[in-house]
Amino acid sequence: MKKDNNKKKHENHTLNKDTDTEVRKIIERELARQKSQLVLIASENFASEEVVKTMGSVLTNKYAEGYPGNRYYGGCEHIDEIEELAINRANKLFGSNYSNVQPHSGVQANTAIFLAVLNPYDKVLSMNLRDGGHLSHGHAQNLSGKYFEIHTYSVDPETEQIDYENVRKLAKRVQPKLMIAGASSYSRIIDFNKFREIADEVGAYLMADIAHIAGLIASDCHPTSVGVADFTTATTHKTIRGPRGGLILADKKYSGLINKSVFPGIQGGPLMHVIAAKAVAFREAMENSFKEYGRRIIENSRAMCSFLKDEGFRIVSGGTDNHLFLIDLTELGMTGMEAQNVLSSVGIILNKNVIPYDKLNPDLTSGIRIGTPAVTTQGMGTEEMYKIGELISYTLKNRANKTKLDGAHKKVKELVSNFPVYTDI
Ligand SMILES: *Cc1c(COP(=O)(O)O)cnc(C)c1O
């Protein structure tokens, strides 16, 4: 009798799928939120159902420290196949001859490169955070800012675009060991070839962080950094529309150095369920429809941007070449935080963002960042971008009028309901 009970308990634990209703219900509420709001966060997207399901696979159970063919654990034969597939697909997609698909995130990918080529207190030249750079490029609280001597370049105060002559001047003065090209909130083409020239002039390594624009590069909608920069780092969950994770691309002469920096340098066992989902996403990104997707992201971004410009909003740098743009709210007398909150109350989800030479701190900010990767995945086109632009303008201009805000919220819900996502999940 006792034995039977134990057996039953064991079965319950391993087989019963629906016991944790507490967690399940929260996930359901989050799914409902994703389906009912407008996602304009430039770094977010809707991964395919196949990507999402692959992440939920039993591959999560496997320890696989090491690399294909050279693991510290037994039973890795299928894991090896998965990782090799992900690597080969990444190489094919980006035209590289080496890739590391193990970084758990974009910051991990960057940190691995720092560990590979820098010693403590070495000099790094990167883009100022306030002008579009990323925390992992030298923020004081980030490992990069604590262990290395960070120098930053700003955008030109007039054009609000990268001034390559200024970057050259700074590079010559600073003599960095590593230069970083890449940004989180920069709406213009980044000229990796110019960065390469400058890096060569001062004998620096060049790292391109394409976290935001990986999907635009994969779809030939932005010039590539692969074969130009020494190291390209990326996330796999932004415009490239895969699982949350990181990626490194480089020439294979750096393979030994980078591999050991990722593991055992900064990580332990790779997330094989995520690596499998990366493989799925890379295959999706090779399809012709993905090229079309990249093109439409930018078309949509430009459409909404020019609409809002015509509505009288000041656009940082005057426009956009990619998937995002920034609005300067100073003339409206409101902060980025206020704008984020009122837009969120009508179901429009985006983020406050510092703008070049911002006088407000990062908690308040003078700007908001708007991105089109997610709404483009949903199938929205320029017609919808004008509608969204109108809703943003209306909401910001009527931010104290509860009735008008309710009206805007209703329209947001209507619009989103016409473009359903995750119908099978
Ligand atoms: C998003 C981003 C990262 C960080 O990615 P995580 O996956 O959040 O660690 C790194 N660099 C840039 C430029 C980014 O925009």
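Predicted model: local features only at pLDDT ≥ 70, side-chain atom pairs only at ≥ 80, totals over all residues.
**Entry 1**

I found Asp220 in the loop that runs between α9 (214-218) and β9 (231-235).

**Entry 1: a cis peptide bond**

I looked up the peptide bond that joins Phe263 and Pro264 and recorded it as cis, with omega at about 10°. Pro264 is found in helix α10, which I have as residues 255-266.

**Entry 2: the open sheet**

I traced an open sheet of four strands, which I wrote down in the order β11-β12-β15-β14, and the pairing is antiparallel. Which strands stand at the edges? I have β11 (314-315) and β14 (351-353) there, each with a single partner strand, so that one side of each is left without a neighbour in the sheet.

I followed β11 to β12, the strand of residues 324-328, and noted that two bridges join these strands, which run antiparallel. For Ile315 I looked up the bridge partner in β12, and this is Ile327. I also noted that helix α13 packs on the sheet, where it touches β14 and β15 (367-371), and that the direction of α13 makes about 45° with that of β15.

**Entry 3: helix α13 against helix α15**

I stayed with α13 (residues 336-345) and compared its axis with that of α15 (residues 382-397): the two axes come within 10 Å and cross at roughly 115°. I therefore describe α13 as roughly perpendicular to α15, since that class takes angles from 65 to 115 degrees. The crossing in which α13 passes α15 is right-handed.

Which residues make the contact? From α13 I listed Ala339, Val342 and Leu343, and from α15 I listed Ile392, Thr395 and Leu396. Sorted by class, the contact of α13 with α15 has five nonpolar residues and one polar residue, with no charged residues.

Definitions and conventions: Residues numbered from 1 in each chain as written. Heavy atoms only, no water. Axes fitted to C-alpha atoms, helices over the stretch in contact; angles between N-to-C directions. Parallel < 35°, antiparallel > 145°, perpendicular 65-115°, else oblique. Left-handed = near helix turned anticlockwise from the far one by under 90°. Contact = heavy atoms within 4.5 Å. Nonpolar A, V, L, I, M, F, W, Y, C, P; charged D, E, K, R; others polar. Pairing = 2+ DSSP bridges.
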